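Please walk through this structure with me, beginning with the chain as a whole and then turning to single residues and their surroundings.

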Amino acid sequence: MRIIIAVTALLILNSLIAAQGLPHYMNEAERKAMENYVPPVSATDDTNPPPTPVRTMAEWEEVQGIIVAWTSYTTIIRQIVDYAQDECLVFIVSTDSNSVKSFLTSGGVPLVNLKFVQASFNSVWCRDYGPWAVYSGVADSLKLVDWIYNRPRPLDDQVSVAFANYASLPIYQTTVAPNNLIATGGNFMVDGHGTGFSSRLIIDENPTQNETQINNIMNMYMGISRYIKMETLPYDQIHHIDMHMKLLDEETIMVGEYPAGVADGPQIEANLQYVLSNFQTCFGRPYKVVRIPMPPSASGQYPPNSNYYTYTNSVFVNKTVIVPVYGLSQDSTALGIYREALPGYRVVGINSSGMISALGAIHCITKEIGVSEPVFISHAKLLNNSSTTVPYQVKAYVKSRSGISGASLYWRTDTTQAYSAVAMTLSQDTFRASIPAQPLGTNVYYYVSATSNSGRTVTKPITAPQGYIRFRIDNQTGITGTHISPGEYSLSQNYPNPFNPQTVILFNLPSKSYVSLKVYDALGREIAEAASGVKEPGVHKVTFDAGSLSAGVYFYSLTAGEFADTKKMLIVK
């Protein structure tokens with residue numbers, strides 16, 4: 001490959017090639033070199049966008065394998081290989097496969113489902129410089145897309161081409177004007193339906209492109225029709241969103257949560273409220289939010305006084321989710337949150353305390369490659385329903401390159417019993433079937449299965465039949481989709497949010513109770529008591545006026561009997 005490198009970058013090239021354990025962040029020499037960095041380009045590289053529209057796969061879709069780069073943190077990578085090879089191939093980028101095999105064997109890891117890609121590289125952070133898997137149309141031929149890596153590490157910048165050559169896949173690169181784009185994989189998440197998420201680092205690192213031009217490049221190369229960008233965080237030095245959030249599916253966002261007013265907590269919450277208030281899911285519904293703690297260090301410190309510990313930096317590998325843990329008391333809680341949110345998945349933890357000081361964890365050192373022939377199933381989950389007389393229709397849009405031979409709906413109301421199967425009928429790529437109406441209080445568990453004409457069968461969710469989608473038949477009370485069960489205490493998210501100057505807070509009491517509803521600022525200081533006194537059972541509505549308060553993040557807390565809950569709200573001016 002004919003490499004073109006700017007003079008300033010050349011001055012540090014030798015040190016970069018020799019470096020082991022390069023951190024996620026740039027050192028000072030790299031910052032200077034990046035100002036004049038020109039990415040590697042070969043005469044055969046295709047810098048045009050894909051010739052037909054494409055769809056970028058979501059991380060929870062079926063993969064043929066994941067990529068790892070064999071350099072630093074090899075003990076952690078060995079554990080990743082051990083778990084991942086149960087699910088798929090592991091593509092190990094290395095310069096000496098024999099030494100890798102010896103190290104794996106010495107740790108008791110069997111040498112199965114391994115593929116070795118002979119290539120040089122500068123660092124372990126293949127999430128950031130590795131290729132993106134896209135499909136022509138919706139689920140046709142597999143292609144790869146590669147950006148300019150946002151580090152002056154030219155060997156890393158060539159790994160995507162090396163992998164494309166190894167796998168005999170076409171690759172399209174955003175390396176030449178007018179479609180030159182600097183980006184990093186840890187700062188990009190996609191829902192598989194054309195929506196992408198990043199921090200505004202993508203704007204800051206592309207001074208020659210305005211936001212509209214960036215959006216156009218992402219649309220041409222990756223099929224991103226809606227690109228959501230959030231403010232960068234004060235203490236996250238690399239500004240990668242995978243350090244504090246993760247898409248669990250098309251409609252669920254996992255968000256890292258700090259104690260009130262701590263570290264990046266206020267900006268993370270502001271970003272979340274920006275998304276919730278301005279965007280809906282690909283199915284036109286509010287996003288569901290799963291909160292997971294951002295753990296402190298062993299001494300109880302948070303950034304900027306400690307490393308950036310995070311549980312959101314996990315990776316899907318088909319039916320397994322690998323989560324970073326740190327030997328902390330909070331680890332078991334975090335793993336439990338994943339298992340609750342992702343039924344049927346094998347959720348495993350790998351101690352990442354030895355690498356987190358470099359500002360990265362499990363997601364940062366892995367990169368997924370989709371299967372050659374996916375069976376793509378797009379399905380809006382059924383939500384809780386109050387009907388006891390009308391059947392519940394399940395619809396699934398299904399596509400595959402070879403066509404779909406059939407699809408089935410499987411449902412049950414008891415997890416100890418077998419599923420009932422219903423053949424789905426087809427109309428314009430959408431399959432339909434119904435679950436019979438059920439009495440109040442019933443939990444319904446279901447999944448969809450589809451088979452391609454070539455004989456490949458895929459389920460939604462991918463973990464079925466052990467995993468499933470669940471909804472409940474119940475009376476529903478509330479506003480803007482809030483579900484309140486009359487038999488339990490609950491505090492709802494305020495609406496609207498963000499707001500100025502008024503917002504509504506709902507809470508439910510199952511019995512007559514003395515309540516106190518207080519508002520606090522980001523430092524935990526009480527600034528108002530919105531409600532107090534003895535209240536009758538039922539749903540209560542409180543209108544809070546913040547006309548005298550400054551813009552920012554605030555908290556409201558309800559205590560009622562032994563119940564207590566706190567939620568965040570955002571005032572904008």
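The model is a predicted one, and its chain is made up of 11 helices and 35 strands. The radius of gyration is 25 Å, close to the 25 Å that the globule rule gives for 573 residues, and the chain is therefore as compact as a globular protein of that length. Taken along the principal axes, the box filled by the C-alpha atoms is roughly 75 × 55 × 50 Å. Of the 573 residues, 55% count as buried, and among contacts between residues at least 6 apart in sequence, 73% join residues at least 24 apart. The chain exposes about 22500 Å², of which carbon and sulfur atoms supply 49%. As for charge, there are 40 positive and 45 negative side chains, and the centres of these two sets lie 4 Å apart.

Helix H4, which spans residues 97-106, has Ser-97, Val-100 and Leu-104 among its residues, and these three are buried. Because they cover an arc of only 60 degrees around the axis, they are on the same side of H4. Helix H3 (74-84), strand E3 (89-94) and strand E4 (114-118) are included in what covers the buried residues of H4, while the face turned away from that buried side carries the exposed residues Asn-98 and Ser-106. Just after H4 comes Gly-108, with a positive phi of about 80 degrees.

Ser-352 counts as buried because its relative accessible area is 0%, under the 20% cut-off. Leaving aside residues up to four places away in sequence, Ser-352 touches Ile-76, Pro-324, Val-325, Tyr-326, Ala-361 and Ile-362.

Some backbone details remain. The peptide bond from Pro-303 to Pro-304 is cis, with omega near 10 degrees, and Pro-304 lies in the loop between strand E15 (288-293) and strand E16 (315-317). Lys-460 and Pro-461 are likewise joined by a cis peptide bond, with omega about 0 degrees, and Pro-461 is in the loop between strand E27 (457-460) and strand E28 (469-472). His-239, a residue other than glycine, has a positive phi near 60 degrees and is placed in the loop between strand E12 (226-230) and strand E13 (245-249). Ala-263, not a glycine either, has a positive phi of about 50 degrees; Ala-263 is found in the loop between strand E14 (252-257) and helix H10 (265-278), and counts as buried at 16% relative accessibility.

Terms used. Residues numbered from 1 in each chain as written. Predicted model: local features only at pLDDT ≥ 70, side-chain atom pairs only at ≥ 80, totals over all residues. Heavy atoms only, no water. Helix = DSSP H or I, 4+ residues; strand = E, 2+ residues; numbered from the N terminus. Rg over C-alpha atoms; globule rule 2.2 N^0.38 Å. Buried < 20%, exposed > 50% of the residue type's maximum accessible area, 1.4 Å probe, protein only. Contact = heavy atoms within 4.5 Å. Areas by Shrake-Rupley, 256 points an atom, 1.4 Å probe, with all protein chains shown as cover. Lys, Arg positive; Asp, Glu negative; His and termini not counted. Charge placed at Lys NZ, Arg CZ, Asp CG, Glu CD. Arc of directions from axis to C-beta.
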